[in-house]
Amino acid sequence: MAEMFHDDDADLSIIQSKTVAVIGYGSQGHAHALNLRDSGVNVVVGLREGSSSVARASEAGLSVKSVEEAVREGDVVTILAPDQVQAKVYEESIEPNLKPGAALLFAHGFNIHYGYIKPSADHDVIMVAPKGPGHVVRREFVAGRGVPVLVCVEQDASGQAWPLVLSYAKAIGGLRAGAIKTSFREETETDLFGEQNVLCGGLSKLIETGFEVLTEAGYQPEMAYFEVCHEMKMIVDLINEGGISKQRWSCSDTAEYGDYVSGPRVIDPHVKENMKAVLADIQDGTFAKKFMEDQAAGAPEFKKLRAQGEAHPIEATGRQIRALFAWSEDKDKDYHEGSV
Ligand code: NAD
Ligand code: MG
Ligand code: MG
Ligand code: MG
Ligand code: MG
């Protein structure tokens with residue numbers, strides 16, 4: 001069983017006695033900065049000159065400085081820039097300005113685990129990784145709840161890294177739900193595995209393929225969209241509430257029998273072999289290298305694949321269908337369909 005921590009296991013006063021420099025004000029950055037601030041922590045947000053996030057962070061009442069200035073003030077420096085730019089930002093703006101003994105905190109282990117960032121031995125290297133998107137981390141905190149988090153210590157220079165990481169996790173609301181103790185390696189490899197095989201890659205491809213099979217067989221795209229995409233959320237909500245068994249209980253016996261006999265025909269043993277091959281590429285750094293090399297070249301492959309995804313016919317059908325639902329309003333103002 002994993003070791004877990006709850007609110008009673010952490011001392012909030014540890015992080016309240018420090019200044020946290022939050023670098024980046026995107027999905028995770030805004031949630032960490034605002035939750036820390038509302039927990040009585042001194043927060044300074046570090047952003048590039050001309051960043052579009054400066055106005056949003058200032059409007060929220062936060063102190064905003066350059067990355068260099070923020071780092072110089074930080075007892076804890078939380079690196080929440082996109083994974084692919086962290087190494088450059090670290091080398092140019094963070095490392096030269098770090099206070100002696102400052103802790104470095106991440107929300108994902110990618111750069112530390114694959115060695116793109118190599119902090120010197122005198123800094124604690126810790127992680128608080130919320131198991132949910134940043135906008136939900138903020139929403140849940142405001143509602144008095146919290147998103148579960150993973151906590152890890154890669155380098156305990158101070159000998160106090162564990163009390164520190166738990167105090168930080170408590171301040172962003174993560175211990176209200178509970179924290180699981182893990183390592184940078186386990187967090188990084190399982191996070192990449194989950195998003196590539198199941199949550200993002202597997203699911204998107206499953207939906208697109210189902211849509212293609214139905215529409216190519218002559219069924220109306222609107223019908224296909226409802227059957228292979230729209231109902232997904234309700235199914236996933238049931239699984240979240242009570243496991244796969246609750247989903248099967250709530251669906252008809254017809255659906256449940258079809259699940260047992262046809263699920264394994266679609267997700268056949270090849271799929272497990274494919275997942276193992278994807279895992280091997282994650283474990284030996286092949287995926288990380290491909291991603292970082294493409295990003296360094298201006299992301300030509302990434303941009304091409306993103307455009308291909310947007311052009312899939314299910315996206316146009318989905319836009320029309322979703323417009324029918326007045327209540328499915330976009331709660332995240334910084335995301336606009338068709339502009340990603
Ligand atoms: P994001 O893309 O939403 O935001 C990144 C922010 O970094 C931008 O808004 C900008 O303010 C800033 N930024 C961009 N380039 C910069 C630069 N060169 N210098 C300084 N600041 C810069 O990123 P995100 O999705 O919040 O990811 C941040 C970290 O959190 C990553 O390590 C990611 O893996 C991790 N994480 C994200 C989520 C999530 O919900 N998106 C969940 C768990 C962990
Ligand atoms: Mg993203
Ligand atoms: Mg991830
Ligand atoms: Mg049905
Ligand atoms: Mg049933």
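Reader: In which helix does Glu195 lie?

Author: Glu195 lies in helix H10; helices (H or I, at least four residues) and strands (E, at least two) are DSSP runs, numbered from the N terminus. This is a predicted model, in which local features need pLDDT of at least 70, side-chain atom pairs count only at pLDDT 80 or more, and totals for chains, interfaces and linings use all residues. Residues are numbered from 1 along each chain as its sequence is written, and chains are lettered from A and ligands numbered from 1 in the order in which they are written.

Reader: Why does Glu195 count as partly exposed?

Author: Glu195 counts as partly exposed because it has 13 C-beta neighbours inside 10 Å. A residue is buried if 20 or more other C-beta atoms lie within 10 Å of its own, exposed if 12 or fewer, and partly exposed in between, with C-beta atoms placed from the backbone.

Reader: Which residues is Glu195 in contact with, leaving aside its neighbours within four places in sequence?

Author: Those residues are Cys200 and Gly201. Two residues are in contact if their C-beta atoms, placed from the backbone, lie within 7 Å.

Reader: At which residues does UniProt place the feature "binding site" together with Glu195?

Author: The unreviewed UniProt entry places that feature at Asp191 and Glu195. UniProt positions are given in the numbering used here, feature names are shortened, and annotations may be inferred rather than shown by experiment. Asp191 is found in helix H10, residues 184-199, and it counts as partly exposed because 18 C-beta neighbours lie inside 10 Å.

Reader: Which residue does the "active site" annotation cover?

Author: According to the unreviewed UniProt entry, the "active site" annotation covers His108. His108 lies in the loop between strand E6 (103-106) and helix H6 (110-113).

Reader: Is His108 buried or exposed?

Author: His108 counts as buried, because it has 21 C-beta neighbours inside 10 Å. Leaving aside neighbours within four places in sequence, His108 is in contact with Asp83, Ala129, Thr188 and Asp191.

Reader: Now the ligand. How many residues surround ligand 1, and which are the closest?

Author: Ligand 1 is surrounded by 24 residues, of which Gly24, Gly26, Ser27, Gln28 and His108 are the closest. A residue is near a molecule or strand if its C-beta atom, placed from the backbone, lies within 6 Å of it.

Reader: What is the make-up of that shell around ligand 1 by class?

Author: The shell has 13 nonpolar, nine polar and two charged residues. Here Ala, Val, Leu, Ile, Met, Phe, Trp, Tyr, Cys and Pro count as nonpolar, Asp, Glu, Lys and Arg as charged, and the others, Gly among them, as polar. Helix H2 (27-38), helix H5 (83-94) and strand E7 (125-130) each supply at least two residues of the shell.

Reader: Which other positions does a "binding site" annotation cover?

Author: In the unreviewed UniProt entry, the annotation covers Tyr25, Gly26, Ser27, Gln28, Arg48, Ser51, Ser53 and Gly134. Ser27 lies in helix H2 and counts as buried, because 20 C-beta neighbours lie inside 10 Å. Not counting residues up to four places away in sequence, Ser27 touches Pro133, Gly134 and His135.

Reader: And where is Tyr25 placed?

Author: Tyr25 is in the loop between strand E2 (19-23) and H2. With 29 C-beta neighbours inside 10 Å, Tyr25 counts as buried. Its contacts, leaving aside neighbours within four places in sequence, are His30, Ala33, Val45, Leu47, Ser53, Arg56 and Ala57.

Reader: Turning to the overall layout, what domains is the protein chain divided into?

Author: The chain is divided into domain 1 (4-182) and domain 2 (192-322), with bounds that come from an automatic or database domain assignment. The contact between them takes four residues from domain 1 and five residues from domain 2. On the side of domain 1 that touches domain 2, the residues divide into three nonpolar, one polar and no charged. The centres of the two domains, taken over C-alpha atoms, are separated by 31 Å.

Reader: Finally, what is the mean pLDDT of the protein chain?

Author: The mean pLDDT is 95, and 96% of the residues reach 70 or more; pLDDT is the predictor's confidence in each residue, from 0 to 100. The model scores ipTM 0.95 and pTM 0.93.

Reader: Where does pLDDT stay under 50?

Author: It stays under 50 over residues 336-340, for which the model has one contact beyond four places in sequence. Where pLDDT is low, the predicted coordinates should not be read in detail.
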